[in-house]
Amino acid sequence: MFTVLNQTLLCLCFPVSHSQITRLYSRFHSLDKGENGALSREDFQRIPELAINPLGDRIINAFFPEGEDQVNFRGFMRTLAHFRPVEDNEKNKDPTSGEPLNSRANKLLFAFRLYDLDRDDKISRDELLQVLEKVDVEQKMSIRFLH
């Protein structure tokens, strides 16, 4: 159950307002097709913008901790916090790193992890080529569509 207390605690942990949390919870709930309080990879794959994004699979994977196949609302919020504009605000600090989740350093680390498929803390030539090939295919499809 999503209570005012839960909403307040999330505001303290993530750089969003009460109204934004309410909207995100509504979106989360609408995506939760299993109605079990968690999202699966399949729930994310139904989002049209992710389905057509060349990095959609990698973005979806970012929501799931290693070995997990579902994400709850708190985990959903934690990942989305990386996409917020950079703000210098003490209350938005990640307790584990001491920096806001949407700091430049955390945004860079988040983006790096999208490319580091094997999670070896390096982006290999093959990993980079995979991304470039996906983007190239997407661009070619867009150009054909426009002509």
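The following passage describes confidence, annotation and side-chain packing in a predicted model. Local features were taken at pLDDT of at least 70 and side-chain atom pairs at pLDDT 80 or more, whereas totals for chains, interfaces and linings use all residues. Residues are numbered from 1 along each chain as its sequence is written, and side-chain values use heavy atoms, with hydrogens and water left out.

The pLDDT (the predictor's confidence in each residue, from 0 to 100) averages 77 over the protein chain, and 73% of the residues score at least 70. With helices (H or I, at least four residues) and strands (E, at least two) defined as DSSP runs numbered from the N terminus, mean confidence is lowest in helix α1 (residues 4–13), at 47, and highest in strand β2 (residues 70–71), at 95.

The UniProt record, an unreviewed entry, places the feature "domain: EF-hand" at residues 19–54 and 103–138; such annotations may be inferred rather than shown by experiment. Residues 19–54 are 64% helix and 6% strand, with end C-alpha atoms 31 Å apart.

Beyond neighbours within four places in sequence, Phe-76 is in contact with Leu-24, Phe-28, Leu-39, Phe-44, Phe-63 and Val-71, contact being heavy atoms within 4.5 Å.
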